Amino acid sequence: MTDAADLAPIREAVRALCADFPGEYWRRLDRERAYPTEFVAALTKAGFLAALIPEQYGGSGLTMTAAAAIMEEIQASGCNGAPCHAQMYTMGTLLRHGGAAQKERYLPGIARGDLRLQAFGVTEPTSGTDTLSLRTTAVRDGDHYVVNGQKIWTSRAEHSDLMLLLARTTPREQAKSRTAGLSVFLVDMRQARDNGLTIRPIRTMMNHATTEVFFENMRVPAENLIGNEGEGFRYILSGMNAERILIAAECIGDAKWFIDKAASYARDRVVFGRPIGQNQGVQFPIARAYIGMRAAELMVREAASLYEAGKDCGAEANMAKHLAAEASWAAADMCVQTHGGFGFAEEFDIERKFRETRLYTVAPISTNLILSYIAEHVLGLPRSY
Ligand SMILES: Cc1cc2nc3c(=O)[nH]c(=O)nc-3n(C[C@H](O)[C@H](O)[C@H](O)COP(=O)(O)OP(=O)(O)OC[C@H]3O[C@@H](n4cnc5c(N)ncnc54)[C@H](O)[C@@H]3O)c2cc1C
């Protein structure tokens, strides 16, 4: 595992970049529900989003611990990594399961940022968390697959050139096993838009650039199938640990931002002739949020270190995501309470970050499903669904 001293320059560099994107920048985008194009361009130019791409493909070849530090610092600086975090990890499926020619063709462009691979089409409106019930089909037709169906919550689809798509290639009743029959494709959305692919934005409580996408006889070249037909569910699952660890690191960054903001306000704000932070009723919730954040941070580090050692980290990645999402949400709630009325004022940025961090107990996997995973896979309890 990279040690803290090695990471200090990376953390400082991310902080320095983020300083150019202060609260006013994010507030304006939030009001307009606009995409942070300049922020994403700056992160790309600095190479931060290519952290996990090996050097042979033009990336920085950093560890998961270093990548997590980048995402954490973005959030701790008051910025928002959600518009581009997927550029960091979605390529993992291609890297691990793609063929040599696919990797040569796509990874250098993704590392440079010329190719944006940050749309991940898994969730569907009717199946939700039950991924194996998804209905989007890809049917082989000569040297193409023809895709029909619909995805929902496909974030950043309007700001991505490529999409990693999970679709059914063998009807469920004919599949060899419960998890077989799904396949992963790399869809070039530049060609597919208006050729069977329609993207519709969904406005949400925060500025998230999420969409629903519709496929109507969309043709995908067979050479864009990743790995073997029918094994896509396994490939997607293998990428989820990285996603969980990185999003957990973002939650740690959010929690640190809320805790710093609250502690600083509680030291300065004087009511009844003394700083509000002198009251234990105000200082204890801040201390409690800090303890929760630190405990979660240790689990994120543990998960990242197992991941980069190539060990199984399914339980730790899930627990890290769970603890960190709970810690950031608890810190967000505490921060509003500490600020009283000002917690609701737009110019303090708290209400914006509060809305943004709320997502992570639901997506990319909701709390209940993590608890089910631990109950079943760690504690040996019967599968509940
Ligand atoms: C802003 C946003 C961005 C997203 N981005 C993407 C993206 O880029 N790509 C993508 O593919 N998806 C994306 N998602 C989808 C996200 O991963 C799902 O919303 C999430 O996994 C929950 O699925 P669902 O919304 O279908 O809820 P459902 O599966 O309908 O579940 C609803 C509730 O019921 C609970 N529940 C369901 N089944 C069980 C059970 N068996 N036991 C206990 N509780 C249960 C869930 O925990 C949840 O609380 C995004 C979602 C949002 C809101």
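H97 lies in helix α6, residues 91–97; helices here are DSSP runs of H or I with at least four residues, strands are runs of E with at least two, and both are numbered from the N terminus. The C-alpha atoms of H97 and Y235 are separated by 6.9 Å, although these residues are 138 places apart along the chain. Leaving out residues up to four places away in sequence, H97 touches I226, G227, Y235 and S238, where contact means heavy atoms within 4.5 Å.

This is a predicted model, in which local features need pLDDT of at least 70 and side-chain atom pairs count only at pLDDT 80 or more, while totals for chains, interfaces and linings use all residues. Residues are numbered from 1 along each chain as its sequence is written, and side-chain values use heavy atoms, with hydrogens and water left out.

**Aromatic rings**

- How many aromatic pairs are there? The count comes to nine, where rings of Phe, Tyr and Trp (its six-membered ring) pair if their centres lie within 6.5 Å, and planes under 30 degrees apart count as stacked, over 60 as edge-to-face and the rest as tilted.
- The pair of F21 and Y25 is edge-to-face because the ring centres are 5.1 Å apart and the planes stand at 65 degrees.
- Both F21 and Y25 are buried; buried means under 20% relative accessible area, exposed means over 50%, and partly exposed is in between, using a 1.4 Å probe and protein chains only.
- W26 and F39 also form an edge-to-face pair, with 4.9 Å from centre to centre and 75 degrees between the planes.
- W26 belongs to helix α2 (residues 23–32) and F39 to helix α3 (residues 37–45), so this pair ties together parts that are 13 residues apart in sequence.
- W26 and F39 are buried, and ring pairs link F21, Y25, W26 and F39 into a cluster.

**Around helix α2**

- The buried residues of α2 are G23, Y25, W26, R27, L29 and D30.
- Among the elements that cover these buried residues are α3 and α12 (350–358).
- Just after α2, R33 takes a positive phi of about 50 degrees.

**Charges over rings**

- The charged end of K353 sits over the ring of W257, 5.4 Å from its centre; a charge sits over a ring if NZ of Lys or CZ of Arg is within 6 Å of the ring centre and within 35 degrees of the ring normal.
- The charged end of R358 sits over the ring of W329, at 5.0 Å from the ring centre.

**Packed helices**

- Helix α9 (residues 232–268) packs against α10 at an angle of about 155 degrees, with the axes 9 Å apart; axes are lines fitted to C-alpha atoms, for helices over the stretch in contact, and angles run from 0 to 180 degrees between N-to-C directions.
- α9 and α10 are therefore roughly antiparallel to each other, a label for angles over 145 degrees, while under 35 counts as roughly parallel, 65 to 115 as roughly perpendicular and the rest as oblique.
- The crossing of α9 and α10 is left-handed, meaning that the near helix is turned anticlockwise from the far one by less than a right angle; clockwise would be right-handed.
- This contact includes N241, A242 and I245 of α9 and V282, I286 and A289 of α10.
- Helix α10 (residues 280–308) also packs with helix α11 (residues 314–339), at about 160 degrees and with axes 8 Å apart.
- That makes α10 roughly antiparallel to α11, and the crossing of α10 and α11 is left-handed.
- T338 is found in helix α11 and counts as buried, with 9% relative accessibility.
- Leaving aside neighbours within four places in sequence, T338 is in contact with A262, Y265, A266, I276, V282 and I286.

**Loops and backbone**

- L62 has its place in the loop between α3 and α4 (64–76), and at 31% relative accessibility L62 counts as partly exposed.
- Beyond its neighbours within four places in sequence, L62 is in contact with I10, A51, L52 and I70.
- The peptide bond from A363 to P364 is cis, with omega near 0 degrees, and P364 is found in the loop between α12 and α13 (367–378).
- A209 is not a glycine, yet its phi is positive, near 50 degrees; A209 is found in the loop between β6 (197–202) and β7 (210–221).
- N217, which lies in strand β7, has a positive phi of about 50 degrees although it is not a glycine.
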